[in-house]
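Dear colleague,

Please find the structure below for your records. My notes on it follow directly after.

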Amino acid sequence: MELCDKYLHECIRLSPTMNDFLKYDKYNHLRHIQRNHFKENYDKKFSRLFDKYLDLLNRKKERTFYDENLHRGLLYSKRVNKYDFTDYLPLSSMDNIFYNIPSLIQGEMYFEIKTNKDIDDLVTRLKVIPEITKTVIELMKKGIRKGVTMYKDSLELLIDNLQNILKNRSYVFKKKIHGHKLLNDMIQKYYVHSLEVLLLFLV
């Protein structure tokens with residue numbers, strides 16, 4: 001197995017939602033896990049993983065094509081992690097967990113919802129959203145104190161996108177399968193409420 005494959009498998013174990021796309025059966029038991037990607041200990045675990053594989057690559061006498069690609073990717077990730085300002089700008093205007101959740105709910109993000117187990121897994125993920133929201137707000141408050149904030153246009157676009165989710169109710173699960181009412185209740189409780197809290201802070 002190439003080092004890049006081993007690295008990928010370790011990444012999935014740290015962040016199981018990656019497997020929504022990759023779909024390795026061996027990690028289906030982790031499908032319900034949603035990490036808080038904004039926590040400091042999460043970054044530290046990935047930083048240690050970067051160091052581990054950079055060390056393995058640097059000790060190889062001959063690198064394959066895949067080794068070289070992995071090496072470049074790890075070096076880039078290490079450089080990005082050096083800049084403290086990225087810690088205070090946890091959200092982008094278009095690509096962020098709050099913006100992506102409606103697509104996840106509608107089955108547009110490789111997470112299929114067909115069974116009660118699928119619903120249970122998604123609800124377990126949604127229960128982490130309030131904690132993620134709290135962490136995001138804390139990071140942005142730290143950024144404000146340090147003078148690190150989003151550009152005005154980017155912030156306005158972020159707010160518009162999140163407000164449109166509420167306005168259009170694009171988070172509603174529409175498939176008429178067993179458990180859909182429970183899922184929508186949980187979406188309202190954990191996701192919609194968190195989105196309202198976040199928008200109250202942003203606006």
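Among the elements of the protein chain, the mean pLDDT (the predictor's confidence in each residue, from 0 to 100) is lowest in helix α4, residues 65-81, at 86, and highest in helix α9, residues 180-202, at 96. The chain as a whole averages a pLDDT of 90, and 97% of the residues score at least 70.

This is a predicted model, in which local features need pLDDT of at least 70 and side-chain atom pairs count only at pLDDT 80 or more, while totals for chains, interfaces and linings use all residues. Residues are numbered from 1 along each chain as its sequence is written, and side-chain values use heavy atoms, with hydrogens and water left out.

The protein chain has nine helices and zero strands; helices (H or I, at least four residues) and strands (E, at least two) are DSSP runs, numbered from the N terminus. Its C-alpha trace spans about 55 × 45 × 25 Å along the principal axes. Of the 203 residues, 39% count as buried, that is, under 20% relative accessible area, with exposed being over 50% and partly exposed in between (1.4 Å probe, protein chains only).

Two backbone details deserve mention. Most residues other than glycine have a negative phi. Lys23 counts as partly exposed at 43% relative accessibility, and Arg169 counts as partly exposed at 46%.

Yours sincerely
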